[in-house]
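Reader: Hi! Could you walk me through this one?
Author: Happy to. Here it is.

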Amino acid sequence: MTILVTGATGFIGQHVVGQLLATDGVRVLATARTEPPTGKTAWLSRVPFTPFDLSTDWGDTDLFAYFGHPDAVIHLAWQGLPDYQSLAHVETYWLQHYRFLTNLISNGLTDLTVTGTCLEYGLQSGCLSEDLPTQPTTAYGLAKDNLRKALDLFLKNHAVSFKWLRLFYMYGKGQNPKSLLAQVEAAARRHEPVFNMSKGEQLRDYLPMTTVAAYLAKTALQQNVTGSINCCSGQPIAVRTLVERFMQENNYAMTLNLGHYPYPDYEPLAFWGDNRKLQNLLSNHD
Ligand SMILES: NC(=O)c1ccc[n+]([C@@H]2O[C@H](COP(=O)([O-])OP(=O)(O)OC[C@H]3O[C@@H](n4cnc5c(N)ncnc54)[C@H](OP(=O)(O)O)[C@@H]3O)[C@@H](O)[C@H]2O)c1
């Protein structure tokens, strides 16, 4: 089976490609705007890489043929992260992704996995399940929501196995330097005595990146469970506890300056994912 991974050079893409390469019977094709420099990724020499910028005008090109008729696509590409409030997400980006993906489908793609975000749920609190109506309040969340809904409509006339994996929070090697644990790590490396953060009482749902990559690969490699699927632990954790655990595991001795930053206004104080649909998928797969 041949799988094309878009956004393959990104934080998640690099882990997903590694995961797929370790899976029997899977051949991986990779794409992103820019080919990574040799040495940046462990897999580069083992995977055909086709540079492609989905914001360009490709005219009448059959992109399914251009990418070598893959059996499935895992679509991870997205631009402008992590600026969730930039209007470019709704004014420009999501439609580029829609055109890109509908080109692939119109030309023969039958199996598609796309990454969504928990920000599609907006300010809803508590345990969030896939059947809740989405209520995004960020430009990024709205753009992803638009893309999913437009694809749902388009796919009414196409026989495609469509999986929309709604990612919650994650941490791991290669994460964005602006993400919380990357900042803790950077501060510890600079031997700073104090780490400034919010009060840390907000409840979130975190998974290690390696687990997210395994779930993404398993989701893409099956066709029994489709539609929106939360990719999450189902276990809320206080952000303060997450940071303290991370510091303990790494022997970082900083003091936490809690309450230095306000809570973000685009997220509720406590939310996590209902992961029963994901667990069902995983139990069928194993
Ligand atoms: N990380 C998270 O916590 C998180 C949470 C929820 C959902 N997600 C979703 O998961 C996916 C992957 O996230 P990530 O954290 O891995 O993002 P990332 O590290 O920013 O990587 C983005 C990838 O997309 C590619 N890309 C960007 N613009 C492109 C364009 N115009 N044409 C083609 N490729 C383009 C980038 O390649 P170039 O650098 O060459 O442009 C890169 O490979 C995204 O769809 C994101 O919305 C992520």
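Reader: Which residues come nearest to the ligand?
Author: Thr9, Ile12, Arg33, Tyr140 and Lys144 come nearest, out of 24 residues around the ligand. A residue is near a molecule if one of its heavy atoms lies within 4 Å of it. Before we go on: this is a predicted model, where local features need pLDDT of at least 70 and side-chain atom pairs count only at pLDDT 80 or more, while totals for chains, interfaces and linings use all residues. Residues are numbered from 1 along each chain as its sequence is written, and side-chain values use heavy atoms, with hydrogens and water left out.

Reader: Thanks! How does that shell divide into nonpolar, polar and charged?
Author: There are 14 nonpolar, 7 polar and 3 charged residues. Here Ala, Val, Leu, Ile, Met, Phe, Trp, Tyr, Cys and Pro count as nonpolar, Asp, Glu, Lys and Arg as charged, and the others, Gly among them, as polar.

Reader: And what is 2.5 Å from an oxygen atom of the ligand?
Author: That is an N or O atom in the side chain of Arg33. With backbone atoms, an oxygen atom of the ligand is 3.0 Å from an N or O of Leu76 and one is 3.3 Å from a polar atom of Gly7.

Reader: How much of the ligand does the protein bury?
Author: The protein buries 83% of the 900 Å² that the ligand exposes when taken alone. Those areas come from the Shrake-Rupley method with a 1.4 Å probe.

Reader: Which elements give two or more residues to the shell?
Author: They are α1 (11–21), β5 (111–117) and α4 (139–155). Helices (H or I, at least four residues) and strands (E, at least two) are DSSP runs, numbered from the N terminus.

Reader: New topic: is Ser129 buried or exposed?
Author: Ser129 is buried, at a relative accessible area of 13%; buried means under 20%, for protein chains only with a 1.4 Å probe. Ser129 sits in the loop between β6 (126–128) and α4.

Reader: Last one: which element gives the most to the largest nonpolar core?
Author: The largest nonpolar core has 35 residues, and α6 gives the most to this core, with 7 residues. Such a core is a set of buried Ala, Val, Leu, Ile, Met, Phe, Trp, Tyr and Cys residues joined through side-chain atoms within 4.5 Å.

How values were computed. Polar contact = N/O pair within 3.5 Å; in protein donor to acceptor, adjacent residues only side chain to side chain. Buried < 20%, exposed > 50% of the residue type's maximum accessible area, 1.4 Å probe, protein only.
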